[in-house]
Amino acid sequence: MSEPDKTVQPGARKHTALPKAQTLIEALPWLTRHHGKTVVIKFGGNAMIDEELKAAFAQDVVFLHHAGLKPVVVHGGGPQISKALDRHGIVSEFKAGLRVTTEDAMDVVRMVLAGQVQRELVGLLNQHGPLAVGLTGEDAHTITATKHRPRIEGELVDIGRVGEITEIDTGAIEALLADGRIPVVSSIARSQDDHHVYNVNADTAAAALAAALDAETLMVLTDVEGLYEDWPHSDEVISRLTATELEKLLPDLASGMVPKMEGCLHAVRNGVHTARVIDGRVQHSILLEIFTDEGIGTMVVADAEGETD
């Protein structure tokens, strides 16, 4: 057995952890700024189907909770819904970036969102402690909707059981937050008009909840790096833009990005400090966006005084 190396200075081995300490110190201003603030996170895209990304997402949300923030997770379930509809022989169709939802399709949507996606996400979060509680927009009248008819080429189009949010009741979510829980909300709602259940776009639901909760930040996970400057001619990502700048870009955006960016616009024009579209394909993208100077997506902010047209 060899003798220990007596040339190593006392405590030197411990210094290998110094970069970790420096990383924590760098996060301190962001931790201070966001402490006690509500952060609404829309969970979607590849982050929902890749096992490593799902695990990293759950770790990020639990980290935010333990760092003194109040995360609220809102989820859709596009890939899982499409698979389930295929199994039931129902064709997936989209118009104006929204899923056409027949009555048969609505039964599948409800089953997948509340019975599959939500339960899996709650389970992942609760691996770290008894934190997450699942609810749908139906519960405690959290989200109320009416039938949504998008306008396509000047005409109002019937796309089935797709809801337009008319009212948000944050009572149940606020009670969970006050109890130290992480609410996980499925984006379905009940109508006050006809008492039907409606499929609500998860980006839209997250934005409406963020505004109603007076959240500090809305974060939307997606499968692109952010909002591109001149797609498809350039892959340069716009790192920051104001509400008015975003509004001017909306008519030219790809249909899939429209609900996300409209949600960001709604959020910042209704009291949310920042709205961010971030790349959910990057592990720990939430922590990278919130706690570092080098954000990895597109941040939308309200107009400065005198900046609106």
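## Talking through the calls in a predicted model

Trainee: What makes K20 count as exposed?

Mentor: K20 has 65% relative accessibility, so it counts as exposed: the label needs over 50%, while buried means under 20% and partly exposed is in between (1.4 Å probe, protein chains only). K20 sits in helix 1, residues 18-34. Helices here are DSSP runs of H or I with at least four residues, strands are E runs with at least two, and both are numbered from the N terminus.

Trainee: What should I keep in mind about the source?

Mentor: This is a predicted model, where local features need pLDDT of at least 70 and side-chain atom pairs count only at pLDDT 80 or more, while totals for chains, interfaces and linings use all residues. Residues are numbered from 1 along each chain as its sequence is written, and side-chain values use heavy atoms, with hydrogens and water left out.

Trainee: Which residues of helix 3 and helix 4 meet?

Mentor: From helix 3 you get Q80, I81, A84 and L85, and they meet A105, V108, V109, V112, L113, Q116 and V117 of helix 4. Contact means heavy atoms within 4.5 Å. These residues split into 9 nonpolar, 2 polar and no charged. Nonpolar covers Ala, Val, Leu, Ile, Met, Phe, Trp, Tyr, Cys and Pro; charged covers Asp, Glu, Lys and Arg; the others, Gly among them, are polar.

Trainee: And what makes helix 2 oblique to helix 4?

Mentor: The axes of helix 2 (residues 51-66) and helix 4 cross at roughly 60° and come within 9 Å. That angle is why helix 2 is oblique to helix 4. On the helix 2 side the contact uses E51, K54, F57, A58, V61 and V62, and on the helix 4 side E120, L121, L124 and L125. The tally for this contact is 7 nonpolar, no polar and 3 charged.

Trainee: Now strands. How do you know that strand 1 and strand 2 pair?

Mentor: Two strands pair if DSSP finds at least two bridges between them. Strand 1 (residues 38-43) and strand 2 (residues 70-75) run parallel and are joined by 6 bridges, with K42 opposite V74 in strand 2.

Trainee: What about strand 11: which way does it run against strand 6, and which way against strand 12?

Mentor: Strand 11 (residues 188-191) runs parallel to strand 6 (residues 143-147), with 2 bridges. With strand 12 (residues 197-199), strand 11 pairs in the antiparallel sense over 3 bridges; A189 stands opposite Y198 there. The hairpin of strand 11 and strand 12 has 5 residues between the strands, and H195 takes a positive phi near 65°.

Trainee: Why do strand 5 and strand 14 count as edges?

Mentor: The open sheet has 8 strands in the order 5-10-2-1-13-15-16-14, with mixed pairing. Strand 5 (132-136) and strand 14 (240-242) each have a single partner strand, so one side of each lacks a neighbour in the sheet.

Key: Axes are lines fitted to C-alpha atoms, for helices over the stretch in contact, and angles run from 0 to 180 degrees between N-to-C directions. Angles under 35 degrees count as roughly parallel, over 145 as roughly antiparallel, 65 to 115 as roughly perpendicular and the rest as oblique.
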